[in-house]
Amino acid sequence: MSLIIFLSSGLFLGWSFGANNAGNVFGTAVGSKMVSFKVAAVVTSFFLILGSYVSGAGATRTLGKLGSVNEIGGAFIVALAAAVAIFWMTRINLPVSTSQTIVGSIIGWNFFSGSITDYESLMKIVSSWVVAPVIAGLFAVLINSIVRRLLRRVKIHILYFDFYNRIGLIIVGGFGAYSLGANNIANVMGVFVPVAPFRPIETIIGTISGNEQLFILGGIAMAVGVCTYSAKIMQTVGNNIIPLTPLTALVVVFSSSSVLFLFSSQNLERFLAGMGLPTIPLVPISSAQAVVGAIIGIGLYQGGGGMNFRLLGKIASGWVTAPVLACLISFVSLFIIQNVFNQPVYRPVKFNMSSDVERRLVTEGITFLAMDQFVDKEFSTAVEFRQALKTHAPDLEVWDMNRVVELSELRNIIVNTEIIQYEIDEGWFTPEQAGILKELNGRSFNYSWELRDELEKLSPAWRMKKNTPQGRHFNRDMISKLDYLYKKFWVIK
Amino acid sequence: MYIKFSSLFAGLIPPSGNRGAVENFFEEIAMYSIFSATKDLVMKIDTFIDLVSESVLHFEEGLKLYLSGKEDEFNERLDIIRILEGRADNLRQDIEAQLYVQTLIPESRGDVLEILENMDDIIDFSKALMFEFFIEKPEIPVELHERMKKLAETAVDSTQALIQSTRSYFYDVNTVKDHIHKVKFFENESDHLAEKAKREIFQLDIDLSRKLHLKNFIVSIDSISDIAENISNRLSIAAMKRIV
């Protein structure tokens with residue numbers, strides 16, 4: 001029963017996500033009256049569910065952003081706070097970035113639980129507010145002028161042009177919806193993967209695993225959001241900033257999805273690296289910001305007349321408001337849930353710089369004058385530990401300080417491959433990786449890095465690769481596997 | 001700002017009157033899948049433009065037959081133009097309906113419909129003018145015959161130039177300007193010829209009532225090129241909007 005309640009917040013988040021984000025893929029098509037809302041809603045829903053399903057069917061198991069929230073009750077609140085913030089923005093017809101809102105909500109949880117906020121992810125959000133619109137805007141202008149040049153040379157009947165334009169909008173919109181579903185389902189549902197009660201179902205088309213069922217459910221929630229609540233936001237994106245012609249509508253969605261694909265696709269990076277080609281640096285880009293940027297680009301290219309700058313100001317302030325609002329709602333709700341309803345919202349994590357940690361730090365070249373004072377001293381939160389370090393170890397640099405805190409995090413880890421048997425059977429771990437894990441069965445570790453060191457020592461299958469684009473992909477996958485293990489093998493004393 | 005509790009769920013309830021939405025959706029999907037629907041509409045527009053072109057050519061021929069006294073053959077032409085007018089009307093309504101129902105060319109729909117409606121006026125006007133000849137049976141002095149034929153030819157030339165421009169608007173908007181200036185040229189020519197014809201009429205030794213009657217026909221024939229010119233003005237604006 002409690003699980004259904006927990007899941008409901010994920011579904012609400014999915015619903016809000018669908019309602020807010022459908023505008024990014026079909027807003028311009030609907031706004032320019034080239035595609036009716038009904039068709040847009042059905043195509044978006046279908047591809048969102050498909051994207052969610054395919055992403056869930058893959059062997060990789062990402063917990064999404066909420067993975068850092070270490071208690072299901074907390075994940076429930078964090079998802080709910082993000083959903084409420086996105087819903088609020090949707091009500092006032094402002095397109096916002098879902099993942100940024102979720103990060104805002106997690107920061108609320110970090111404050112509440114005394115965890116340290118990764119400022120890098122915060123910087124990513126802030127830079128996306130500027131970088132995404134600029135890159136997408138430039139791209140839109142470039143594509144727009146290429147398309148116009150081409151069209152001057154091609155003779156095509158106005159009605160055939162209309163036909164191809166429409167088909168183009170539906171295809172690009174469909175692809176956009178597919179990747180929206182595939183990229184965001186983990187944020188919406190990922191955190192519930194370890195606790196979902198679904199058993200595999202046999203169907204005529206094959207077995208649908210528990211994960212796939214969970215992700216399909218998330219996809220359906222998104223689809224319901226699209227069908228029931230996305231009409232107005234589509235108008236905001238597609239018609240209210242600047243009236244778009246069918247051609248510019250297509251240019252906007254095409255350029256914003258190309259920018260997303262080129263600058264934030266890890267698969268593309270891997271593909272290019274695999275072909276021995278230079279890779280494009282990955283930049284954090286949100287689809288909401290890319291679409292708005294592309295529209296601004298087109299508007300300015302056309303001379304800037306008729307652009308609704310007031311609305312643009314509102315949209316930009318929405319980008320800032322949504323994460324901040326989510327952070328506040330999350331913090332307040334966590335307080336209420338913990339103190340009024342007596343539900344655990346985070347698992348307390350203690351920090352202790354043992355002599356093992358000290359040795360490890362020294363091997364990494366991290367030392368500070370007051371090091372010995374800290375050995376075997378226990379701190380009940382990361383914030384408290386860091387504060388103490390700041391006071392007593394002023395010679396420690398920020399980066400190194402984070403590393404000290406990270407390595408000192410106490411976790412009672414006991415390897416038990418039985419609880420990850422499903423993942424092993426599904427082939428997420430290579431046979432060699434699984435074999436090494438089985439060898440370690442029953443072993444306990446005080447720190448997560450100890451488990452990692454042990455795994456690395458025992459087999460090259462658990463070792464990171466060089467920081468090349470190809471290796472980066474492998475390493476990302478390895479990190480998500482290790483995170484999953486730390487979480488699964490974490491035993492509460 | 002506060003949110004009413006009930007309104008929180010407002011978006012979850014599908015709007016009323018949604019019956020048959022699935023059917024409508026499949027109809028629309030079918031529309032997308034059928035490329036031939038577009039092809040069919042292209043053909044209809046082409047046929048409509050052909051009908052306008054043919055009608056004015058029949059008018060020109062009809063006038064020549066009237067001047068040479070071949071009444072039966074003139075009547076045949078009148079019948080043909082009547083039939084063409086009916087067909088053009090039906091076709092235009094069809095095109096209009098299809099453009100609206102399938103929400104095609106949303107940004108140019110208004111322009112296209114207006115242009116087609118105005119072109120329909122050319123057929124209507126030609127038919128009405130032939131009717132006037134049929135009913136009023138004006139007696140046209142022989143010395144005016146050549147002038148009148150030339151006037152009709154020039155008026156028809158202006159409509160043909162318009163028709164070429166209109167086709168360009170649909171097929172290759174960048175070339176509209178290559179044809180549209182000819183409409184203006186023929187309209188000027190037509191005005192010039194009409195003026196000469198009117199002068200000649202009033203120099204004839206006939207009753208004033210007959211002079212006025214004849215002048216009326218000259219003005220009407222000249223009006224065809226005026227209509228063509230008005231449409232061409234509208235067309236050049238529509239083309240400018242579309243030029244990329």
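Tutor: Two residues are in contact if their C-beta atoms, placed from the backbone, lie within 7 Å. In chain B, among contacts between residues at least 6 apart in sequence, 80% join residues at least 24 apart. This is a predicted model: local features need pLDDT of at least 70, side-chain atom pairs count only at pLDDT 80 or more, and totals for chains, interfaces and linings use all residues. Residues are numbered from 1 along each chain as its sequence is written, and chains are lettered from A in the order in which they are written.

Student: How many helices and strands does chain B have?

Tutor: Helices (H or I, at least four residues) and strands (E, at least two) are DSSP runs, numbered from the N terminus. Chain B has eight helices and zero strands.

Student: Which residues have the most contacts inside the largest nonpolar core?

Tutor: A nonpolar core is a set of buried Ala, Val, Leu, Ile, Met, Phe, Trp, Tyr and Cys residues joined through C-beta atoms within 7 Å; buried means 20 or more other C-beta atoms within 10 Å of a residue's own. The largest core has 114 residues, and A82(A), A85(A) and V252(A) have the most contacts inside it. Helix α3 (residues 72-91) of chain A gives this core its largest share, 16 residues.

Student: Which parts of chain B touch chain A?

Tutor: In all, 22 residues of chain B are in contact with 22 residues of chain A. On the chain B side, α2 (21-33), α3 (35-67) and α6 (142-171) each supply at least two residues.

How values were computed
A residue is buried if 20 or more other C-beta atoms lie within 10 Å of its own, exposed if 12 or fewer, and partly exposed in between; C-beta atoms are placed from the backbone.
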